[in-house]
Amino acid sequence: MGLHEGQQQQQQQQQQQQEVNIRTINVPDIIRIKITSVGDGGVGKSCLIKRYCEERFVSKYIPTIGVDYGVKTVDVEGYEVRVNFWDLSGHGEFFDVRNEFYKDTQGAILVFDVSSRKSFESLENWLNEARRFGCDERCVDFILVGNKTDKTRVVTEHEASSWAKQKGFSYFETSANNGANVSEMFDELFKLVVRRVV
Ligand SMILES: Nc1nc2c(ncn2[C@@H]2O[C@H](COP(=O)(O)OP(=O)(O)O)[C@@H](O)[C@H]2O)c(=O)[nH]1
Ligand SMILES: [Mg+2]
């Protein structure tokens with residue numbers, strides 16, 4: 001190899017190294033995302049998050065007081081993603097607390113209980129509340145979740161998926177009790193959010 005060729009090769013290597021450096025600088029090591037849970041009290045929001053983060057189920061009902069917090073690091077399409085869950089209380093008296101936590105949400109699970117028609121009928125109100133406090137579909141990815149599929153349902157899958165379709169949301173049916181579809185649902189939500197932020 002002549003001197004000239006050697007120099008060229010060296011230059012090429014330097015250039016490649018610079019490109020690698022630039023790429024490393026531009027892509028943050030860890031992506032942080034904020035996920036919020038929305039829906040009536042008792043539909044299973046806290047249990048879904050617990051099932052996902054801790055792989056366990058709590059059968060005793062412990063109403064969330066204001067807000068609970070959870071964190072989990074996951075791999076989403078090759079990115080290391082630190083998910084911050086802000087699990088909001090669905091009870092009326094925590095309205096003021098919820099308002100504070102809607103801000104900066106990037107992804108939200110809108111949850112109802114397939115064995116409770118009332119919880120399905122509340123969805124529109126929840127969506128309105130979330131929108132009013134900064135979570136609207138232009139900047140937040142929503143997923144509709146019909147939870148408690150292990151119970152006798154009163155809301156059909158068709159009804160719920162039509163509602164979701166009309167809003168432009170994906171629809172998942174889950175059971176925090178037996179774990180069915182829980183990680184699939186969260187994986188889809190994280191994918192939507194990560195695609196939007198990277
Ligand atoms: N059978 C059944 N019960 C559930 C399921 N998810 C939650 N629950 C129960 O429903 C109640 C309310 O759950 P929780 O997660 O606290 O509801 P939240 O108020 O929406 O956070 C608790 O007693 C849970 O054990 C589920 O998928 N199936
Ligand atoms: Mg809760």
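Which residues touch the most other members of the largest nonpolar core? The legends below answer this and describe further close-up views of the predicted model.

**View 1. The largest nonpolar core.** This core holds 42 residues, among which Ala108, Ile109, Leu110 and Ile143 touch the most other members. Helix H7, spanning residues 182-197, gives the most to this core, namely 7 residues.

**View 2. Surroundings of Leu110.** Leu110 belongs to the group of core residues that touch the most other members. When neighbours within four places in sequence are set aside, the contacts of Leu110 include Val38, Gly39, Leu123, Trp126 and Leu127. Leu110 is also in contact with Phe142, Ile143, Leu144 and Val145.

**View 3. The shell around ligand 1.** Ligand 1 is surrounded by 20 residues, and the closest are Gly44, Ser46, Cys47, Tyr61 and Asn177. Helix H2 (residues 45-54) supplies the largest share of this shell, with 3 residues. By residue class, the shell comprises 10 polar, 6 nonpolar and 4 charged residues.

**View 4. Glu137 and its setting.** Glu137 is located in the loop that lies between helix H5 (123-132) and strand S5 (141-147). Glu137 counts as partly exposed because it has 14 C-beta neighbours inside 10 Å, whereas a buried residue would require 20 or more and an exposed one 12 or fewer. Apart from neighbours within four places in sequence, Glu137 is in contact with Phe142 and Gly168; Phe142 is also in contact with Leu110.

**View 5. Glu137 relative to Cys47.** The C-alpha atoms of Cys47 and Glu137 are separated by 25 Å, and the two residues are 90 residues apart along the chain.

Methods
Residues are numbered from 1 along each chain as its sequence is written. Chains are lettered from A and ligands numbered from 1 in the order in which they are written. This is a predicted model: local features need pLDDT of at least 70, side-chain atom pairs count only at pLDDT 80 or more; totals for chains, interfaces and linings use all residues. A residue is near a molecule or strand if its C-beta atom, placed from the backbone, lies within 6 Å of it. Helices (H or I, at least four residues) and strands (E, at least two) are DSSP runs, numbered from the N terminus. Ala, Val, Leu, Ile, Met, Phe, Trp, Tyr, Cys and Pro count as nonpolar, Asp, Glu, Lys and Arg as charged, and the others, Gly among them, as polar. Two residues are in contact if their C-beta atoms, placed from the backbone, lie within 7 Å. A nonpolar core is a set of buried Ala, Val, Leu, Ile, Met, Phe, Trp, Tyr and Cys residues joined through C-beta atoms within 7 Å.
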